[in-house]
Amino acid sequence: MTQAPTVTAPAALCLGDDALVLAQRLGEWAGHAPVLEEDVALANIALDLLGQARVLLSLVGDEDELAYLREERAFRNLQLVEQPNGDFAHTIARQLYFSTYQRLLYQQLANSSGPFAPLAAKAVKEVTYHQDHAEQWTLRLGDGTDESHGRAQRSLDALWRFTGELFWPVDGLDIDWQALEEGWRASVTEVIGRATLTVPEGPQSGAWSAGAGRQGLHTESFGRMLAEMQHLHRSHPGATW
Amino acid sequence: MSTVTADHAAAFDAAVAADERVEPRDWMPDAYRATLVRQIAQHAHSEIIGMQPEANWITRAPSLRRKAILMAKVQDEAGHGLYLYSAAETLGTSRDELLDKLHSGRQKYSSIFNYPTLTWADVGAIGWLVDGAAITNQVPLCRCSYGPYARAMVRICKEESFHQRQGYEALLALSRGTPAQHEMAQDAVNRWWWPSLMMFGPPDDESSHSEQSMAWKIKRHSNDELRQRFVDICVPQAESLGLTLPDADLVWNDERGHYDFGPIDWTEFWAVLKGNGPCNDQRITQRRQAHDEGAWVRDAAAAYAAKHTPQAQQAQRAQQVREEATA
């Protein structure tokens, strides 16, 4: 009997934390969306991501210990996913950048013979829907009114500096990172162009954001997000829920 | 009344008496239509406002499993709101119009959602008691005389029963947990019990719409009957949860075959209903804010749709041809 290839814990943590942290951010939208359909859609995406996070974190250890008892410096998520929701355009820009990355990444993993292949095969179906949702809204906001166009452009610009980190190699992930970056840029450029918007110029990383989330170096709002997420669990050590 | 209308009215009465379903294209009395719009809209609004007290705990849910369950539940509630607005629209109103009435305070939502969720256990108590009361109220609506409403209720009741079991199970975990968790569960039940009993509405002798709604088979049971049914179901459930209900007068009455229970504070009920509950302002402000702050997004979607209709695209192509010709 051949041994199934084993998942490396740091890689599973990176992918699991991305999904967990973005699910947490999207969960903040519940009851605040511009239309009821979006309350449904954003919760749906959050639930998919939370499901992915639970599978990935469980490969490493106890999902709740990992989610609730690690401190900020131990989280391995991208800085992009921890960015505050901002307005709807900001949330959609974050979603466009991330879901495009996640789809291409999971497609590569699903086609590999590596340990993440089965999980990636399931996730890629969900993520394809997430990407479609983000693209449809990018088109509507970009090619909607002057106001929505302006907001969409500002959001794409503001989040651009966090996108370089997406292509920083992660140990244990069998990925052609250059192909991932090229595919991502082509896909995002096409949608942004179709939405009558402009692909941002400027650096895709700053002094603190080249692979920084992956190293446990986060932005300031992240600690506050964790404080809220973990408070109750930490207040009752050892309790089961 | 003209002969034609009288014939219609007779046919309507006969259909209702024979337990047939009234459908959107059928003739119906104006008052029947108005009552249904009011009731279905209020029901839809309750689903939408009801997302808030629970969503309040999504970011703080104490385990990933509980967080996923809660997110799914809040998502279901938005879906229930959508079904119900669609059912109301079959009566000749629109979702926009109904939302406008909610935002301006001209239509109400269930008084229960004006209470705050102060601890995690409140999420369990809402599932067990509030969803339990809602189901007791809504199961008979699956046989309501108006077809679209009855069919929406069949779908909604299935999901609600699921939520109610999840709420019960969450409370059970707390009740059997650490002393602090048990105390949290008991405190939540103490705060949600009476407001849940108020969900059945005023006592029968003060319920203005009841008699007509029962004659039209929109309602099948009186407020007090349903409230009694709910109490009878909850007492043994509280016992198996290992929690007490905050009512010193609660006692089995062998003669009636029901539990007797203490008096409800109707002053509080009317105060909450008139807008003076703990969270009335907060709930409606958040709803209005989400709507107002989302206006530019809805405008964008409408503008995009207008640009991308077949007609708009045809005009655009014609313009391109003209530009190319002059270039």
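## A buried arginine and its partner

At 9% relative accessibility, A:Arg214 counts as buried (under 20% relative accessible area, with exposed meaning over 50% and partly exposed in between, for a 1.4 Å probe and protein chains only). Its side chain meets that of A:Asp18 in a salt bridge, 2.9 Å from N to O; the term stands for a side-chain nitrogen of Lys or Arg within 4 Å of a carboxyl oxygen of Asp or Glu. A:Arg214 sits in the loop between α8 (177-194) and α9 (220-235) of chain A, while A:Asp18 belongs to helix α1 of chain A, so the pair ties together parts that are 196 residues apart in sequence. A:Asp18 is buried too, with a relative accessible area of 1%.

A word on the source: this is a predicted model, in which local features need pLDDT of at least 70 and side-chain atom pairs count only at pLDDT 80 or more, while totals for chains, interfaces and linings use all residues. Residues are numbered from 1 along each chain as its sequence is written, chains are lettered from A and ligands numbered from 1 in the order in which they are written, and side-chain values use heavy atoms, leaving out hydrogens and water.

## How α1 packs on α5 in chain A

Helix α1 (residues 9-27) of chain A packs against helix α5 (residues 88-111) of chain A at an angle of about 150°, with the axes 12 Å apart. Helices here are DSSP runs of H or I with at least four residues.

On the α1(A) side, the contact (heavy atoms within 4.5 Å) includes A:Asp18, along with A:Leu15 and A:Leu22 among others. Their counterparts in α5(A) include A:Arg94, A:Phe98 and A:Tyr101. The contact residues divide into eight nonpolar, two polar and three charged.

## Other salt bridges

Over all chains, the structure holds 23 salt bridges. One of them joins the side chains of A:Glu126 and A:Lys122, at 3.1 Å from N to O. Being four residues apart in helix α6 (residues 117-142) of chain A, the two are separated by about one helical turn. A:Glu126 is buried at 16% relative accessibility, whereas A:Lys122 is exposed at 56%.

In chain B, B:Asp19 forms a salt bridge with B:Lys217, the closest N and O atoms being 3.0 Å apart. B:Asp19 counts as partly exposed at 47% relative accessibility.

Conventions
Axes are lines fitted to C-alpha atoms, for helices over the stretch in contact, and angles run from 0 to 180 degrees between N-to-C directions. Ala, Val, Leu, Ile, Met, Phe, Trp, Tyr, Cys and Pro count as nonpolar, Asp, Glu, Lys and Arg as charged, and the others, Gly among them, as polar.
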